[in-house]
Each structure stands twice: as C-alpha cells, then as structure tokens.
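I opened this notebook page to record what I looked up in the structure, entry by entry.

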Amino acid sequence: MEKSGAEIFVESLIRENVKVLFGIPGGVVLPIFDKLYDAPIKFVLTRHEQGAAHMADGYARATGKAGVCVATSGPGAANLTTGLANAHMDSIPLVAFTGQVATHLIGNDAFQETDATGITRPITKHNFLVKEVKDFARIIREAFYIARTGRPGPVLVDIPVDIQRASCEFIWPEKVEIRSYKPVYQGHPKQIERAAEAIANSERPVFYVGGGVVAAGAYEELQRIAEKADIPVTTTLMAIGAFPTDHRLSIGMLGMHGTYQANHAMQNADLIIAVGARFDDRCTGKLAAFAPKTKNIIHIDVDPTSISKTVTANIPVVGDAKSILAELLKIIKPKKHTLWLTQIKEWEEKHPLDYPQDDKLYPQYVVEKICEITKGEAIVTTEVGQNQMWAAQFYKPKKPRHFLSSGGLGTMGYGFPAAIGAKIACPNEIVIDIAGDGSFQMNIQELATAVINKVNVIVAILNNSHLGMVSQWQRLFYKRRYSAVQLYTQPCKPFTCPVPDFVKVAEAYGAVGLRVFKKEEVLPALKKALKVKNKPVVIDFVVEPEANVFPMVPAGAALDEIITSLA
Amino acid sequence: MMRRTISVLVENKPGVLARISNLFSARGFNIDSLAVGETEDTTVSRMTIVVRGDERILEQVEKQLNKLIDVIKVSEYSQVEHLERDLALVKVKADKSNRSEILQIVDIFRAKIVDVSPNSVIIEITGDEDKIQALLNMLRPFGIKEMVRTGIVAMARGSK
C-alpha cells in the first residue's frame, strides 16, 4: 500500500512499539505533526527541545526501552544536541527525529537550515539523512536497532520536508541486517576461564561495576557471583542501584566523591573485575597511581573500545555482561574473603559518609529523609553538581533503574525533564528530582509541560543560593575567591532576596510550591508533597550554603589521597 | 611512535569520510596520509590510512574505526606481506644547465618526466615511502617548487 513519508513515520513508530513522543513542532515537520494529530501515540509538547531529549532519556533509563523525541530543523535540531551528547556519554538508547529543509534547498542556507547530521555526528552513535522516501521505513527500523543493541546510544534521523510528503509502497523490513554492524554478545570461553582462574587466585578482589550492568540487565548474575565468591562491589554513579545498596558486600560508589572504603579497596585490590565500566577519570583519579597492587584486571564490556583505553586490562572479555557473568557463575568456586572484607569494614568505620549533626539544615539530611520516607523505592533523578553527589551518597535505591543521573556529560538541567520522562514511563512510581537551585533553572520552563500533562513529580531543590560545586572548588582550591557563583542579588545575604522565589514560580505555573527552612519541617513537607496528585510539586529546601561534598579526591590526586573534611 | 598502514572498507555513502576524519580529530589521532577510492564492489570504498602513535593509540584507532556503523572491515598490514604505493608529482626548477642531470636521476628511480617548461620540469614517481623520499632528497638541491601526493595505498600479497 502507498503511504506518504509522514504516514510511514507514524506506522513505523507503531511497529516499533513507541507509546510516547517528546518534542516541539516547527515548519518542516508539519506533515509529520498532521499525521500525529490522530495517531495512537501520546505526544508530550515540551517547552524546549533540550527538555524533550532529556525526557526521552529519562523515559529510556527508567524502562530500558528507547526514548523518542522530535524537533524541527535548525534551532530545533541544535537545541537537541545537549540531550543527545548526554545520552551518548551515558550509552542511553534514544531515537531523535528532526525535520530538515526540502532536499533541493539543502546546502543553500535556507531558513532554519542547519546540518543536523553534521553537528550531531560526534555526539550520536549513528545518524541518517533520509534522501529517498523508499528508504525511510528501513532507516527507522535500523535507527531503533542501532540505538538498542550493542553498546546502546542515541541515533538521529534527519527528514527533509519533501520526503515527508512524497509517497511510496510501505515495506516494513522484518529483519535488520547491517553488514557493517554486528555487535559481539557471547564472551570468549577461554577468556571467561581465565577470569575464573584469576578470581580463584585472588585474595583481595573487588567488583567495579558501571552502567553496562544496567544496560545488560545483569543484576542477578552479578549478585550471585559476588555472593558465591564473596567479592565486595563498588558501583559507579551510573550503576547506583545495580547492586543492592544495603547488601553486606556493597561498598558504595567509588571515585572523586566515592566512599573512603571503595576508594581504598580499589587501591589495595589484587584483582579488579570491571563490568560495563570504562575507567573514566572521575573513577580512577590519577591514572599513574591507580590500583597499584592489582595483579589482574578483568574487563567485561560489550564495547571493545572501552577496554584498555585508559587502564590496561590483562583479561579482557568482550560481550554482553549478562551472558558472560552467567557463564562465569557456572565455573567459579565458592570462596570466602573474611580478612579482606574486615579490612574494608575498618576503612568504612574510620570514615563513614557523614555530615555535621547540629541544628542547621544540611542538604545531606534532606536526601536522607527522602530516602527514609520513600524507603528507597522512589525513582530519583538528579541535577548536576553538589546535589547530584549528595543524592548519590545518601539516597539508597532498592532497585536498578531507580537512580537516574547525568554521568558522563554532567549536564545541569538534566534531572527535572528526566524525572518527567521517567514518571510518564512509570506512572505508578514516585519520582523525585533531587535538584540544585542553579541546575533547576536550566530547564525550569518544563514546569509548564509537567503541569499541563498532569505529571506528578517532586522537585526537591537543595537551595544554597550558589553554583554549589563550583563554589566548593573555589573554597578548597582558590582561597575562597568566589567568582561568578552567587545566584542571588548582591550585596544581599543569601536567601534575603532570592531570585527567583521558587515557591512563587511553581505557583505561577500551576504547580504546588513549598518552602522549608528547618530540619523539623523536612519530613512534614515531604509528606505533604507525596499527597499531591496530578501535578508537580516544588520544594525549596533552604539549606546550609557552605555545606561541602566529602569525601573528595582532588582532581589529579590518587584515589587514596582522599580528603574527608576541610583541612 | 610507530607508523602503521590501516586499510578500512567502508560503505560507499555520503558522510562516511566525514565520520572517519571526525573520529581522528575528535580523539586526537594523527593521520600521515589518507587515500580513498571505490573497490571492485561499487557499494564499498577502501580508505588507506597511515597513522602514527604508540601501541595504545594504534589499538584505539583500530577499535574506534571498527565501532563506526558504516565501517565494514578494518585490517592493518604490520604483520602481513604487502605492497605499498604512493604517487607523487614534483615540480623542480630546471634549465638548460641541469636538465640532463635531473633526467639521469629520474631514470635511476624509474620515474617519469611528464611536463617540461623553460624553467621547470614535472616528475611523476610511484613507489613506497622510502623510494619517494630518496628521490626527493636527490631533487631538493635543484629546488622543489611544488609537490602533490596521493597518499599511500596498500594491498596484501598473494591470493588472499
């Protein structure tokens, strides 16, 4: 049957089982939007394309399905780029569709023309410019396939407006066959044997697991191996929740703001088993001094480029983490590492995660209470900076896909739209964005999207009136010369003349706004927020402005040169 | 620093060259030369890339190339018996007094004079890197006015 490009778009998305689209229309996507008018796909109109991309990202992280967003050409496509780069760094399956000026105008600097495939090439897993309508269905099929398989990632499809109007026979490819793209899933049996041998010979092993474990859904296998061979587990920011945070073998997050015990475990381990992690600089600290006592490094990853990129792995295993860990589980022998685990416990007791216990309202306290009242069962998203690290340290999710954070790119403004996407994907879950006052303002306009679509998310602003992480660095390393970090009118004191008044902003949008100054107000405010239905709630927690994120491994220092308080 | 010749089979589609050159610039890899052309299969192009770096960089170059969706196959020739050829056109200052001396050199290298003017000649030479370098060394004293090279192409010996 003949279909127009716009009809092919809708039909293909239905076949890909797409339920929700996030985006904004514009001149050169009108044919598609006309077909979306009565299509059985929910369309969420956002207020900025960056918001749309992050919502699709939050949707994808919460479910494991590909998130989908749509934008027009030129500024629409350009506004998507931060969201695409963010998904690319964190390996999140996303498919972005952009309109493009008519084929005959491409290259002529037409109105709202930008080279969308050109500008997104380094920040997508792959991208396509549709040149003929007969290729369109196949390209959509391939785009979803590429986004989901192997190491997942964002894929952009750029569609000139004349292609949306042109028609052809609709043929849906039953199978995807790309001769140049064959991800490896099965780990090499010899390598898995070598890994088992290294585990058998190790006295101080540690699992270092990253987002790849979440992407592969390898949680069960990971837990069973850890228990069978008695191996402590540290997770990256991307993998928080991939291993139960209350498990006796869980030693918390590693890296710059990781736990004392996790960083010391890495530095003293004789074996590191990296699974779906990429030895990024925030995790390794100073490379030359990283993990000096290791005899073996096992690195399991679906992406060969991650292996031996920064840290050489002598036992690389390329493939899917789930199937490799399942194979490994079969051949490893039960072991006990009592001495090693006791040592790690001692490190933990020496410097547990803590903060001052006085009457002031500390941001860490707010996160602890959020964890307490939701029992760690809520989906938490974070913005970026201090709020993100406090959330990572003090929110202990019970399950995977319940801690969504911008890891690689560190995108301020991510958390709120991601929370909207996650809530739309999982309407029965409580979704809370742990935010900073700086980050929240980067996509605050999406309050409109949340209100209009009746999206019940809670934004918990840890409001310190500063770009907190930058001011922490200035406090620690730049002699308290606070340069361009104050988010209030000077010379006022912080909080005396706040810009903006978040409660009023929330109310202006039709959301609920609450403000908290004191410790004892925290739980009541959270309880009140959790009772609200069908609309977003913004809680402005006015916290101690000079609170710091500790522990901290200063940039360029080794993991065991960790500082635990202001010297 | 090592020098390695890498052969990359890619889909013959627009944008593929940009993907490859983007990869090299974004990751800070250095390209010595790059030659592109169709293969016996018109849907496939072959890029021959000469790259420099230490072992870790060269390993990353190969892996990153393989990761690009449009790359069909990456092979490198350091462990393989193979031929390498580069073609250079060299414009050299030449007049009556030294033209015959230049001709002699060109003969020894089995190169060709492809253009003559009162003040210059253009020499065409095909060969591997060493041969072309050797000729250039001999020509330099006469004054090289201009040079253009195609970049190295390579092929494994034998039936494989």
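Entry 1, the model. I noted at the outset that this is a predicted model.

I looked up the secondary structure of chain A and found 22 helices and 20 strands. I then checked the radius of gyration of chain A, which is 24 Å; the globule rule gives 24 Å for 567 residues, so chain A is as compact as a globular protein of that length. I recorded the span of its C-alpha trace along the principal axes as about 70 × 65 × 40 Å.

Entry 4, the contact with chain B. I counted 12 residues of chain A in contact with 15 residues of chain B. On the chain A side I listed 4 nonpolar, 5 polar and 3 charged residues.

I examined α8(A), residues 189–200, and α13(A), residues 321–331, whose axes come within 10 Å and cross at roughly 55°. The crossing of α8(A) past α13(A) is right-handed. From α8(A), Ile192(A), Glu193(A), Ala195(A) and Ala196(A) meet Ile324(A), Glu327(A), Leu328(A) and Ile331(A) of α13(A). I classed the residues of this contact as 6 nonpolar and 2 charged, with no polar ones.

Conventions
Residues are numbered from 1 along each chain as its sequence is written. Chains are lettered from A and ligands numbered from 1 in the order in which they are written. This is a predicted model: local features need pLDDT of at least 70, side-chain atom pairs count only at pLDDT 80 or more; totals for chains, interfaces and linings use all residues. Helices (H or I, at least four residues) and strands (E, at least two) are DSSP runs, numbered from the N terminus. The radius of gyration is taken over C-alpha atoms; the globule rule is 2.2 Å times the number of residues to the power 0.38. Two residues are in contact if their C-beta atoms, placed from the backbone, lie within 7 Å. Ala, Val, Leu, Ile, Met, Phe, Trp, Tyr, Cys and Pro count as nonpolar, Asp, Glu, Lys and Arg as charged, and the others, Gly among them, as polar. Axes are lines fitted to C-alpha atoms, for helices over the stretch in contact, and angles run from 0 to 180 degrees between N-to-C directions. A crossing is left-handed if the near helix is turned anticlockwise from the far one by less than a right angle, and right-handed if clockwise.
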